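Visitor: I am new to this structure and would like to go through it part by part. Please show it first.

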Amino acid sequence: MAQAGLLLPERNVRLKLDRDKLIKFGFMAVIALYLIVTLALPLYTMLAKSFVTYSFDLARYEFQVSDDSGTAFGPPVTAAALNDSLGRFGAEDLKTSSEGRLSATEFFPDFSFRSPVRYRLRATAPDAGWLVGLKPVATREWQEYDASTFRRISLRPVATTGLQNYTAYFSNPTLFRSVGNSLFIAGISTILTVTFAFGFAYALTRSRMRFKAAFKLIAMLPILVPSLLPGIALIYLFGNQGILKDLLMGQSIYGPLGIVIGSVFFTFPHAMIIVTTALSIADQRHYEAAEALRASPWRTFWTVTVPGARYGLISAAFVTFTLVLTDFGLPKVIGGQYSVLAIDIYKQVIGQQNFEMGAVVSVILLVPAVLAFAIDRRIQKRQVSLLSARAVPYQPKVRPGVDRCCLLWCGLIAAFILLMIGTCQMAALVKFWPYDLSLSLRNYDFGKVDGGGWPAYWNSIRLAGLTAVAGTGLVFLGAYLVEKLDGMRLMRGLFQFLAMLPMAIPGMVLGLAYIFFFNNPANPLSAIYGTMTILVVATVTHFYTVGHLTALTALKQIDPEFESVAASMRQPFWRLFGTVTVPICLPAILDIMIYLFVNAMTTVSAVVFIYSTHTALASIAVLNMDDAGDIAPAAAMGMMILYTNIAARLLHALLTRRLLARSQTWRGR
């Protein structure tokens, strides 16, 4: 007890973050801020914009008109009073967009710019203003103008907040019909794509058919082309002068039929990859048990094979549904007059400059995409392990009848894919379809057509390269911090939510959100609008989630003991990161890089609203050439994208083999 007095007084103990954790936290905060600025804030701005309506409030303006001498002015009169006396504009006529203009001379039927009459104008409210040419004016003091200047005056609309935009959208049968059309197209395309992909994946994983590697390579080709290209191929095959148009028996390819066929083409590899992964995991004992119980092959298929792949099928269905629902390029090329949500956004923004209604359509398009993503994530959480420690890997047996059917199924799908790609290649090489079928390279002379030309192609190469390098570094570092930073569960959870959010955001919605957020002079980041920087930022953000999940999968395979050992040896985390983590995860890093490169080359929807004349891309050039009627050059530019992506894939394979041979020798025995 005597020693009790020697004890130090009790103190509150506080855990302190070590230097490594502080640095990791700082990096995570920076990347989280990047996602907030490039994703959360633009989406919030767009959502807020969808509730804003604009109209001309004539009671906020007063005029005075002089006599013919220009010296004596009459009594003040509001624009509303003048309009009431003239009966010129009704309530609906005064509704407009943010860029609306109303000429002041509309309220003076006898106006003549040669008259000596002078005019005065003032605002009666602080938020009212007008333009003199392009110069904005907003004041409650009288401003005097001669007749020549007065004819250049335009009143500006006033912003109000409410649900009027949504009411107007759902009360317009033409616009509202797009919702049903989009859901119908997405539903039919999803059923067909998942069915075809399941049969293809089953043949690859559960049969002993020949040419599996060749079929798998062919199945991946649609990923390497923009979604506009299948639309061009369908025009050459089944259009008004198509070589196979008689097969449609009078039906038109321009509309839902063409959109569905093209959607199946470009979404097939996405669904096939997911279903193949699901079917590649199977326990041989389940099939042996079914055989012992004398179950028929048909019953075994429905009670063992399909249930084992159900989560993969559900994920493939939701991915396909979202891709079709949010695609813009294919309906634009082959949709004809068949309206869908993505086209409505384009028409409202580009065609009518009605950005607020474009925001409304974007929010409507966002709802089913987010719901599909949320349901898919919820279902994936219920997935359980299909392989135990005592599982026996499934080895398909030789079944001549089944193998022949699988070969036929894969052959038909491969033929369809090659037919579409081959048609585009033919269109790019033929001089003048269908009158002069001699071969020529003149369609590759992009300098003779509008749309962007060779500068657009080189812009795409630049965009893809910057996206692959900067995006891979950002994505992998963010995933590393989420996986390897101890504690801070709330911070890591928020970061994980931000990292998963881009997968649920359609490209057109993100692009329109960037217009509202970055094309604002009050935003200090507005300087990047119209530059290559904003295209890189948009592309990296749009495709962030897949790279993040890929990196997480690789990082989870690394034992946490590495961090503990490095900490015990007083080694900074960046040394462990550079000498252990990166080399081990190099295959995943290279996969993320090629994924971002290919998608940057093919993307249309994410950049169609934010490119400038100096930053036009090859995929945008395809769209512009098709709009101008230069379909053959559009096909040639689409094929240039395919050539580039194939070359990138080959280079990726070569680099992967060489780099992995040096950095992955530890994997060998």
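Visitor: How many residues does helix H22 have, and what length does it reach from its first C-alpha to its last?

Guide: This is a predicted model, in which local features need pLDDT of at least 70 and side-chain atom pairs count only at pLDDT 80 or more, while totals for chains, interfaces and linings use all residues. Residues are numbered from 1 along each chain as its sequence is written, and side-chain values use heavy atoms, with hydrogens and water left out. Helices (H or I, at least four residues) and strands (E, at least two) are DSSP runs, numbered from the N terminus, and the expected span of a helix is 1.5 Å times one less than its number of residues. For H22, residues 573-584, the expected value is 16 Å; the helix has 12 residues and reaches 15 Å.

Visitor: Where on H22 do the buried residues fall?

Guide: Buried means under 20% relative accessible area, exposed over 50%, and partly exposed in between (1.4 Å probe, protein chains only). In H22 the buried residues are Phe573, Leu576, Phe577, Val580, Thr581 and Ile584. Seen down the axis of H22, they fall within an arc of 125 degrees (taken from the directions from the helix axis to the C-beta atoms), so they line one face of the helix.

Visitor: Is threonine 326 buried or exposed, and which residues does it touch?

Guide: Threonine 326 belongs to helix H11, residues 310-326. With a relative accessible area of 10%, threonine 326 is buried. Contact means heavy atoms within 4.5 Å. Not counting residues up to four places away in sequence, threonine 326 touches Ala342, Leu365, Ala369 and Pro506.

Visitor: Which backbone oxygen lies 2.7 Å from a polar atom of the side chain of threonine 326?

Guide: The side chain in question belongs to a residue of helix H11, threonine 326. The backbone oxygen at 2.7 Å from its polar atom is that of threonine 322.

Visitor: What is the bridge partner of serine 55 in S11?

Guide: Strand S1, residues 52-55, runs antiparallel to S11 and is joined to it by 4 bridges. In S11, the partner of serine 55 is valine 158.

Visitor: Which strands are the edge strands of the sheet of 4 strands?

Guide: This open sheet has the order S3-S2-S6-S9, and its pairing is antiparallel. S2 is joined to S6 by 5 bridges and to strand S3 (residues 77-78) by 2 bridges. The strands that pair on one side only are S3 and S9.

Visitor: Which residues stand opposite glutamate 62 in S6 and in S3?

Guide: Of the 5 residues of S2, 4 are buried, so the strand is largely enclosed by the rest of the structure. Glutamate 62 faces arginine 122 in S6, and in S3 the residue opposite is threonine 78.

Visitor: How many salt bridges does the count come to?

Guide: Side chains of opposite charge can pair when their charged atoms come close. A salt bridge is a side-chain nitrogen of Lys or Arg within 4 Å of a carboxyl oxygen of Asp or Glu. By this rule the count is 8.

Visitor: How many residues apart in sequence are the parts that arginine 60 and aspartate 127 tie together?

Guide: Arginine 60 and aspartate 127 form a salt bridge, with the closest N and O atoms 2.2 Å apart. Arginine 60 lies in the loop between S1 and strand S2 (61-65), and aspartate 127 in the loop between strand S6 (118-123) and strand S7 (130-132), so the parts tied together are 67 residues apart.

Visitor: Which residue forms a salt bridge with glutamate 92?

Guide: Glutamate 92 is exposed, at 58% relative accessible area. The closest N and O atoms are 3.1 Å apart, and the partner is lysine 95.

Definitions and conventions
Polar contact = N/O pair within 3.5 Å; in protein donor to acceptor, adjacent residues only side chain to side chain. Pairing = 2+ DSSP bridges.
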